[in-house]
Amino acid sequence: DAGVIQSPRHEVTEMGQEVTLRCKPISGHNSLFWYRQTMMRGLELLIYFNNNVPIDDSGMPEDRFSAKMPNASFSTLKIQPSEPRDSAVYFCASIPSVAGSTEAFFGQGTRLTVV
Amino acid sequence: GNSVTQMEGPVTLSEEAFLTINCTYTATGYPSLFWYVQYPGEGLQLLLKATKADDKGSNKGFEATYRKETTSFHLEKGSVQVSDSAVYFCALKLRGNNNDMRFGAGTRLTVKP
């Protein structure tokens with residue numbers, strides 16, 4: 001398996017533009033997480049899905065952020081409109097279907113820069 | 001709520017020094033505990049884990065023991081190397097089907113030759 005795949009790896013956009021980050025989880029994993037990493041705040045959980053259903057979105061910073069998981073193999077995180085303070089590395093992770101002590105598998109991340 | 005608190009960094013050590021990174025947790029249930037490592041420019045990857053009280057996870061010379069009485073999972077290594085320079089994350093995952101997973105803020109370790 002190729003692992004969790006995120007795209008793009010790098011994104012530079014102007015303030016006010018819409019940004020869409022994409023994630024393909026490992027096949028068969030039923031939980032998907034979106035995290036944001038910055039130097040100031042560390043790793044923050046934004047939202048996670050179980051079986052394509054959002055379970056906890058309390059970490060989504062504001063209404064400008066939205067996430068969808070239309071099927072088991074794809075998720076998007078959208079920021080509209082983007083602001084410079086959204087600049088960060090965004091990670092997607094997935095966990096297998098088996099409950100218990102299984103680990104999370106992370107993608108390589110998308111480095112977002114909003115200028 | 002469920003959360004993880006870990007030692008703030010950055011931590012700078014000389015090669016062959018002893019490493020401890022503290023981690024404590026708060027959980028409503030009985031979690032599994034993890035340490036993840038992030039090398040520059042990469043995503044997080046599992047370093048070690050423990051699933052029940054008194055379990056010791058170990059990998060690449062790193063160890064951590066699940067201490068239920070102190071709700072802790074401190075990471076240790078007896079002799080660090082320059083190649084251990086990375087960011088280390090403590091994490092917990094609750095049992096059950098909801099796969100709720102929480103991470104600490106991360107601790108940056110720099111090992112100097």
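1. Strands here are DSSP runs of E covering at least two residues, numbered from the N terminus. In this predicted model, strand β3 of chain B runs over residues 19–21 and includes B:Ile21. B:Ile21 is buried, its relative accessible area being 0%, and buried here means under 20%.

2. What does B:Ile21 touch beyond its neighbours within four places in sequence? Its contacts are B:Gln6, B:Met7, B:Trp35, B:His74, B:Leu75, B:Tyr88 and B:Thr107. One of these, B:Thr107, is 86 residues from B:Ile21 in sequence, yet the two C-alpha atoms are 7.7 Å apart in space.

3. On the interface: 25 residues of chain A are in contact with 24 residues of chain B. The two chains bury about 1900 Å² between them, and carbon and sulfur atoms account for 49% of that area.

4. The rule finds one salt bridge across the interface of chain B and chain A. A:Asp56 and B:Arg102 form a salt bridge, with 2.7 Å between the closest N and O atoms. On the side of chain B that touches chain A, at least two residues each come from β5 (32–38), β6 (45–50), β10 (86–93) and β11 (101–103) of chain B. The largest share, four residues, is that of β5(B). Sorted by class, this side of chain B has 10 polar, eight nonpolar and six charged residues.

5. Over all chains, the count of aromatic pairs is 12. A:Phe91 and A:Phe106 form an edge-to-face pair, because their ring planes stand at 80 degrees, with the centres 6.3 Å apart; the cut-off for this class is over 60 degrees. The pair links distant parts of the chain, with A:Phe91 in strand β9 (residues 88–96) and A:Phe106 in strand β10 (residues 105–106) of chain A, 15 residues apart. Both A:Phe91 and A:Phe106 are buried.

6. In chain B, the aromatic pair of B:Phe34 and B:Tyr36 is tilted, with 40 degrees between the planes and 6.1 Å from centre to centre. B:Phe34 has a relative accessible area of 0% and so is buried; B:Tyr36, at 0% relative accessibility, also counts as buried. Both aromatic pairs fall within one aromatic cluster, made up of A:Phe33, A:Tyr35, A:Tyr48, A:Phe91, A:Phe106, B:Phe34, B:Tyr36 and B:Phe103.

7. Side chains of opposite charge can pair when their charged atoms come close. Over all chains, the search finds 12 salt bridges. One of them joins A:Lys78 and A:Glu18, whose closest N and O atoms are 3.8 Å apart. A:Lys78 counts as partly exposed at 29% relative accessibility, as does A:Glu18 at 44%.

8. In chain B, B:Glu63 forms a salt bridge with B:Lys56 at 3.6 Å between the closest N and O atoms. B:Glu63 is partly exposed at 33%, while B:Lys56 is exposed at 51%.

9. A network of salt bridges links A:Glu62, A:Arg64, A:Glu83, A:Arg85 and A:Asp86.

Technical notes: Residues are numbered from 1 along each chain as its sequence is written. Chains are lettered from A and ligands numbered from 1 in the order in which they are written. This is a predicted model: local features need pLDDT of at least 70, side-chain atom pairs count only at pLDDT 80 or more; totals for chains, interfaces and linings use all residues. Side-chain values use heavy atoms; hydrogens and water are left out. Contact means heavy atoms within 4.5 Å. Buried area is the accessible area (1.4 Å probe) that two parts lose on being put together, summed over both. A salt bridge is a side-chain nitrogen of Lys or Arg within 4 Å of a carboxyl oxygen of Asp or Glu. Ala, Val, Leu, Ile, Met, Phe, Trp, Tyr, Cys and Pro count as nonpolar, Asp, Glu, Lys and Arg as charged, and the others, Gly among them, as polar. Rings of Phe, Tyr and Trp (its six-membered ring) pair if their centres lie within 6.5 Å; planes under 30 degrees apart count as stacked, over 60 as edge-to-face and the rest as tilted. Buried means under 20% relative accessible area, exposed over 50%, partly exposed in between (1.4 Å probe, protein chains only).
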